[in-house]
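Subject: Structure handover

Hello,

Here is the structure you were waiting for, with notes on what was found in it. Please have it open while you read.

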Amino acid sequence: MDHITCLKCVKCGREYDVNETMYTCLACGIEGTLDVVYDMDVVAKRFLRRIKKQTEVCTPMSIWKYIDLLPIQDERYLPYLQV
Ligand SMILES: [Zn+2]
């Protein structure tokens with residue numbers, strides 16, 4: 001996941017390694033949702049062409065077409081329902 005720079009708390013700005021925590025800031029609790037900060041140079045080089053191609057094809061309207069960008073390490077825990 002070298003395309004992800006860090007996870008950043010929307011409340012206090014504290015930054016976490018993508019492997020350090022799951023969804024919320026350890027200092028702010030549930031109010032500290034973590035934004036994913038991407039290395040856009042890596043994203044541009046590695047993913048944009050593929051994502052554009054996927055969205056041009058008739059793919060279902062689903063967040064999972066962006067799965068390669070998301071900070072998901074184990075796809076076994078993805079929900080079965082459309083998100
Ligand atoms: Zn925080």
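Of the 83 residues of the chain, 5% count as buried. A residue is called buried if 20 or more other C-beta atoms lie within 10 Å of its own, exposed if 12 or fewer do, and partly exposed in between, with C-beta atoms placed from the backbone.

Two points on the origin of the numbers. This is a predicted model, in which local features need pLDDT of at least 70 and side-chain atom pairs count only at pLDDT 80 or more, while totals for chains, interfaces and linings use all residues. Residues are numbered from 1 along each chain as its sequence is written.

Confidence

pLDDT is the predictor's confidence in each residue, from 0 to 100. The chain has an average pLDDT of 83, and 87% of the residues score at least 70. By element, the highest confidence is in β2, with a mean of 96, and the lowest is in α2, with a mean of 69.

Overall layout

The chain contains two helices and four strands. Helices (H or I, at least four residues) and strands (E, at least two) are DSSP runs, numbered from the N terminus. In sequence order the pattern is β-β-β-β-α-α. Among contacts in the chain with a separation of 6 or more, 37% are between residues 24 or more positions apart. Two residues are in contact if their C-beta atoms, placed from the backbone, lie within 7 Å.

The sheet

The four strands make an open sheet in the order β2-β1-β4-β3, with antiparallel pairing. Its edge strands are β2 (15–16) and β3 (24–25), each of which pairs on one side only. Two strands are taken to pair if DSSP finds at least two bridges between them. As background, strands of a sheet pair through backbone hydrogen bonds, either parallel or antiparallel.

Going through the pairs:

- β1 (residues 4–9) and β2 run antiparallel and are joined by two bridges. Here K8 is opposite E15, and L7 is opposite Y16. The two strands form a hairpin with five residues between them, and G13 in the turn has a positive phi of about 85°.
- β1 and β4 (residues 29–38) are paired antiparallel over five bridges. C9 faces L34 of β4, and the bridge partner of K8 in β4 is D35.
- C25 has G29 as its bridge partner in β4. A hairpin with three residues between the strands is formed by β3 and β4.

Individual residues

Which residues does T5 touch, beyond those up to four places away in sequence? They are V37, Y38 and D39. T5 lies in strand β1 and counts as partly exposed because 16 other C-beta atoms lie within 10 Å. Between T5 and V37 the C-alpha distance is 5.4 Å, although they are 32 residues apart in sequence.

L69 is in the segment that follows α2 (48–56). It is partly exposed because it has 18 C-beta neighbours inside 10 Å. Leaving aside neighbours within four places in sequence, L69 is in contact with H3, V43 and F47. The C-alpha atoms of L69 and V43 are separated by 7.8 Å, and the two residues are 26 apart along the chain.

K65 is also placed in the segment after α2. With 15 C-beta neighbours inside 10 Å, K65 too counts as partly exposed. K65 and R50 are 15 residues apart in sequence, and their C-alpha atoms are 10.0 Å apart in space.

Regards
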